[in-house]
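Colleague: I would like to learn how to read a model like this one. Could you walk me through the features one at a time?

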Amino acid sequence: PDPLLVITPAGVVEYADGKKPVTVVDFGDLARITLRVSGRSFSDSTIVHLDVWLDLHGHDGRKSKWRSASFADRHAAIQAVLEAFGAYKAFRAVGLQPS
């Protein structure tokens with residue numbers, strides 16, 4: 001099957017291929033998410049290559065790095081995860097359970 005990234009109100013599930021396990025990010029396990037970006041270019045170029053990922057900070061103090069295995073160069077995927085997590089936190093702040 002083709003790679004699949006599913007962003008839900010409660011988290012993220014990604015299937016990359018049959019060689020990698022399915023990745024699950026449960027927003028309920030996270031205290032916060034930090035957007036990280038690193039850029040590089042050659043001195044004679046105006047083109048900058050961006051490396052973008054998310055640092056996931058758990059309620060238990062653990063930190064892990066997340067980047068889509070299949071859509072790593074699609075910054076819209078990272079943006080969608082950030083937006084979904086923000087919505088999750090907003091729902092939880094007013095006592096609602098995202099569904």
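Colleague: Through how many residues does a hairpin join β1 to β2?

Modeller: First, some ground rules. This is a predicted model, so local features need pLDDT of at least 70 and side-chain atom pairs count only at pLDDT 80 or more, while totals for chains, interfaces and linings use all residues. Residues are numbered from 1 along each chain as its sequence is written, and side-chain values use heavy atoms, with hydrogens and water left out. Strands (E, at least two residues) and helices (H or I, at least four) are DSSP runs, numbered from the N terminus, and two strands pair if DSSP finds at least two bridges between them. Here, the hairpin joins β1 to β2 through two residues. Strand β1 covers residues 4-8 and pairs with β2 in the antiparallel sense over five bridges. Within that pairing, V6 stands opposite V13 in β2.

Colleague: Which residues make the nonpolar surface patch?

Modeller: The general idea is in the definition: patches are made of residues with over 30% relative accessible area and no salt bridge, where like charges are joined within 9 Å and nonpolar side chains (Val, Leu, Ile, Met, Phe, Trp, Tyr) within 5 Å. Areas come from the Shrake-Rupley method with a 1.4 Å probe, and for residues only the protein chains shown count as cover. In this model L4, V6, V13, V22 and V24 make a patch of about 410 Å².

Colleague: Where does V22 lie, and is K19 buried or exposed?

Modeller: Buried means under 20% relative accessible area, exposed over 50%, and partly exposed in between (1.4 Å probe, protein chains only). V22 is in the loop between β2 (11-15) and β3 (23-26), and its relative accessible area of 48% makes V22 partly exposed. K19 lies in the loop between β2 and β3, and K19 counts as exposed because its relative accessibility is 80%.

Colleague: What is the strand order of the open sheet?

Modeller: In a regular strand the side chains alternate between the two faces of the sheet. This open sheet has three strands in the order β4-β5-β6, with antiparallel pairing. Its edge strands are β4 (30-40) and β6 (63-66), each pairing on one side only. On average, neighbouring strands of the sheet are turned by 25° against each other, direction ignored; axes are lines fitted to C-alpha atoms, for helices over the stretch in contact, and angles run from 0 to 180 degrees between N-to-C directions.

Colleague: Which strands does helix α1 touch?

Modeller: Contact means heavy atoms within 4.5 Å. Helix α1 (residues 75-93) packs on the sheet and touches β4, β5 and β6, and its direction makes about 160° with that of β4.

Colleague: How many bridges pair β5 with β6?

Modeller: Strand β5 (residues 49-58) pairs with β6 in the antiparallel sense over four bridges. L56 stands opposite S64, and H57 stands opposite K63. The hairpin of β5 and β6 has four residues between the strands, and G61 there takes a positive phi near 95°.

Colleague: Why does H57 count as buried?

Modeller: H57 counts as buried because its relative accessibility is 12%. Leaving aside neighbours within four places in sequence, H57 is in contact with L30, A31, R32, T34, R62 and K63.

Colleague: Which residues are linked in a network of salt bridges?

Modeller: Side chains of opposite charge can pair when their charged atoms come close. The cut-off for a salt bridge is a side-chain nitrogen of Lys or Arg within 4 Å of a carboxyl oxygen of Asp or Glu, and by this rule the count comes to four. The network links R36, D55 and K63. D55 bridges to R36 with the closest N and O atoms 3.1 Å apart; D55 is in strand β5 and R36 in strand β4, 19 residues apart. The side chains of K63 and D55 meet at 3.8 Å, N to O. D55 is buried at 6%, R36 is partly exposed at 35% and K63 is exposed at 54%.

Colleague: Which residue does R62 meet in a salt bridge?

Modeller: R62 meets D60, at 2.7 Å from N to O. R62 is exposed, with a relative accessible area of 62%, and D60 is exposed, at 51%.
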